[in-house]
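Hi there,

Here is the structure I promised to pass on. Have a look, and then read on for what turned up in it.

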Amino acid sequence: MTGTAPASFTADDYKARMERAARQAADAGLAGLLVAPGPDMVWLTGYTPPAVTERLTLLVLAAGREPVLVVPTLEAPDAERAAGASALALRDWTDGKDPYAATAALLDAEGRFGVSDNAWALHLLGLQQVLPRTAYVSLTEALPMLRAVKDPAELDRLAAAGAAADATFEEIRNVAFAGRLESEVAADLAALLRRFGHSQVDFTIVASGPNGANPHHEAGNRRIGRGDMVVLDFGGLKDGYGSDTSRTVHVGEPTEEERRVHDVVRAAQEAGFRAVRPGAACQDVDRAARAVIADAGYGEYFIHRTGHGIGVTTHEPPYMIEGEEQPLVPGMCFSVEPGVYLPGRFGVRIEDIVTVTEDGGRRLNDTTREMVIVD
């Protein structure tokens, strides 16, 4: 099911993204953006350095100016081959020279800049030393919605990643669970994600029995037994875009309580999904899902936000959480994943990736949300 590879993003795509980012920075009162290697640089330029080291690599964006990518000379040939290279200027520096002085010439000496969250302190401090009157703010704080609204090509990739995760679940539900270690089932999940086209597996949570009450349990050496509820949460990157889905299965027949809790979470997930529409606030999705769980008497056991954005990373803004008043916009993609976690007993989580449409929401995961019985 790996399918046909999607069309590559073009230099024009990257040029439009860089122009949009620079314009948003100016609108936010920033002198520009400083983008270090990582997901922001990949999204803006298509460039991934061969290695992230102490040598400075930095994309400089400012409204009305040509984008400039500062790179070590020994990595310039790689940068020149990036898909977005023709839409920017390269400025290389050689070992023994001061990369911060070279970069300073591109910056407003008294400007306030947005800096990608994963920039090294080493590099930021180096710039501050050369330009002591500059100020910096994280991109997540300054431009949290920079990558949040996806274009049709990005939505196609997210849909394909979601379909691959669905195919993984359809396979895993047919394997043996009872008597196997959580880590063994997690390895099966990782292998299936790769079989269905993922180049990167970010997480394979297999949380059985009491471990299910820990939302981010690391699959370990607990042996899964009959009567266990098992939370499965898995995802990664396919063609550069993320998948993330959760389903909770049961080994053998569940108790009445286990079935009831699962039904509550399923109803909460449905309520969260139905709250998705343009103009609604992110917190409305959280409120809708949380109200169902609270009304059923399990409110104190829903211990995390209802969702997070997804794109070139599997966790990014926007966040579906109380207090987040950001309006939903067509093209946004995020998880809707309520859960109930009963300490020492079991947990239940059901998660789909959802995209905002012109008149509501569309799920990118389509496997059953009913309780699945496994052997």
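In which helix is the place of Val185? Val185 belongs to helix H8, which covers residues 182-195. Please keep in mind that this is a predicted model.

Val185 has a relative accessible area of 0%, so this residue is buried. Leaving aside residues up to four places away in sequence, Val185 touches Ile172, Phe177, Arg180, Val206 and Ile224. Its C-alpha atom is separated by 8.5 Å from that of Val175, a residue 10 places away along the chain.

Next, a residue in a strand: Thr204 sits in E7, made of residues 200-208. Is Thr204 buried or exposed? Its relative accessibility is 18%, and buried means under 20%, so Thr204 counts as buried. With residues up to four places away in sequence not counted, the contacts of Thr204 are Ala186, Leu189, Ala190, Leu193, Ala219, Asp233 and Phe234.

At the start of H7, the backbone nitrogen of Ala153 has a side-chain oxygen of Asp151 within 3.1 Å.

Finally, the surface: Val52, Trp120 and Leu122 make a nonpolar patch of about 280 Å². Of these, Leu122 lies in helix H5, residues 121-130, and is partly exposed, with a relative accessible area of 46%.

Best wishes

Note on methods:
Residues numbered from 1 in each chain as written. Predicted model: local features only at pLDDT ≥ 70, side-chain atom pairs only at ≥ 80, totals over all residues. Heavy atoms only, no water. Polar contact = N/O pair within 3.5 Å; in protein donor to acceptor, adjacent residues only side chain to side chain. Helix = DSSP H or I, 4+ residues; strand = E, 2+ residues; numbered from the N terminus. Buried < 20%, exposed > 50% of the residue type's maximum accessible area, 1.4 Å probe, protein only. Contact = heavy atoms within 4.5 Å. Patch = residues over 30% accessible without salt bridge, like charges linked within 9 Å, V, L, I, M, F, W, Y side chains within 5 Å. Areas by Shrake-Rupley, 256 points an atom, 1.4 Å probe, with all protein chains shown as cover. Salt bridge = Lys/Arg side-chain N within 4 Å of Asp/Glu carboxyl O.
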